[in-house]
Amino acid sequence: MKSPILLEDEQRDVLERWSRSRTVSLRWRERAQIILAATEKVSDAVIAARLGTTRHRVARWRRRFASGGVEALKKDRPRAGRPPRVDAAKVKQIVRLTTQTQPTHATQWSTRSMAKRVGVSDTTVLRVWHAHGLKPHRVRTFKLSNDPQFTEKLEDIVGLYLAPPEHALVLCCDEKSQIQALDRTQPGLPIKKGRAQTMTHDYKRNGTTTLFAALNILDGQVIGHCQSRHTHVEWLKFLKKVDRNTPKGKELHLIVDNYATHKHPEVKAWLALHPRFHIHFTPTSASWLNMVERFFRSITVDRLRCGVFHSVADLEKAISGYINHYNKNPKPFVWTAKANDILEKVVRAQTTLDKMGQTA
């Protein structure tokens with residue numbers, strides 16, 4: 001019987017993660033299980049029987065791990081046969097066509113359309129794309145703000161995040177409108193081993209509601225209120241609720257977007273009578289600056305997306321219950337990006353767009 005393998009803590013952590021993962025390669029998972037089993041005082045034959053493999057494979061990966069550690073488990077040794085070769089000119093042509101052209105009657109190249117165009121196999125195209133990090137089927141969306149006061153508003157809000165004023169609360173406020181109370185046409189099946197939870201693709205609409213929310217950046221607490229509409233009347237009601245649910249001696253700095261509801265004359269008149277409220281507007285098309293959007297993402301994923309609601313009342317009860325549960329153990333979102341770093345990215349993006357506009 002061979003001596004058991006001794007693992008360092010870091011090596012054991014990596015191997016245990018591989019052995020449990022459902023996303024790593026099956027080969028990596030089996031090799032990790034072999035090495036972990038080899039730390040026990042058992043023979044290669046016992047390990048092979050336990051894992052449903054061969055004794056020779058167990059012995060092979062024990063040797064490779066002993067000589068090369070975890071890195072040796074990641075790839076096989078070169079096999080016999082001529083390595084695949086692609087003409088350098090063909091590679092350049094594939095990269096150029098992928099990045100600078102579009103196929104006829106399509107918006108992006110596929111491996112087969114590119115292979116037909118260049119005269120190589122679709123596997124060769126895929127290999128070239130992988131080597132150059134090209135993914136024509138994927139598109140990332142973006143939006144640059146055209147607000148003339150973008151810099152001033154950005155610095156103002158980021159300043160509140162990174163250095164909030166003393167004796168004051170910073171609240172990120174917004175509305176999540178048109179939340180639908182969706183009821184499924186048929187009951188689905190619950191999750192079980194080897195099968196995901198099921199849900200019908202069609203649904204029945206039972207009405208909508210709007211969630212007004214204010215996120216306290218200091219402790220993560222959320223003040224929420226559901227209403228049927230989102231006009232200035234409902235916004236005023238929400239501001240009054242914020243006024244009631246915050247310490248009277250604290251100044252309130254509210255971060256909101258440029259929605260017309262927030263600038264209505266009646267809202268301005270009410271704010272004039274309540275000077276402890278200070279409104280900070282995000283730049284146009286920059287809702288990502290408002291951290292309450294992160295809370296909206298959480299409630300959507302955790303409670304709303306797969307929920308079944310027979311009425312608006314059921315929906316609002318679920319939202320209220322989620323907020324109450326969330327506030328029992330809130331975790332504030334921490335803003336780390338500096339205003340200058342954001343501005344540098346915006347300038348680079350705008351410069352790229354300008355160059356593309358000149359060459360178009």
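I started at methionine 356, which sits in helix H13, residues 339–359. (Helices are DSSP runs of H or I with at least four residues, strands are E runs of at least two, and both are numbered from the N terminus.) Before going on, I noted that this is a predicted model, where local features need pLDDT of at least 70, side-chain atom pairs count only at pLDDT 80 or more, and totals for chains, interfaces and linings use all residues. Residues are numbered from 1 along each chain as its sequence is written, and side-chain values use heavy atoms, with hydrogens and water left out.

Next, strand S4, residues 251–256, for histidine 253. Is histidine 253 buried or exposed? Buried, at 13% relative accessible area; the cut-offs are under 20% for buried, over 50% for exposed and partly exposed in between, with a 1.4 Å probe and protein chains only. Its side chain makes a 2.9 Å polar contact with that of histidine 280. That term takes N or O atoms within 3.5 Å; within protein, one must be able to donate a hydrogen and the other to accept it, and sequence-adjacent residues count only if both atoms are side-chain atoms.

Leucine 252 is also in S4, and counts as buried because its relative accessibility is 0%. Beyond four places in sequence, leucine 252 has contacts (heavy atoms within 4.5 Å) that include Leu169, Leu171, Val242 and Phe277.

Then the cores. A nonpolar core is a set of buried Ala, Val, Leu, Ile, Met, Phe, Trp, Tyr and Cys residues joined through side-chain atoms within 4.5 Å. The largest has 35 residues, and Leu154, Tyr161, Cys172, Leu211, Phe295 and Ile319 have the most contacts inside it. Among the elements giving this core at least two residues each are helix H8 (150–162), strand S1 (168–184) and H13. I also logged a second, separate core of 19 residues, including Val14 and Ile35.
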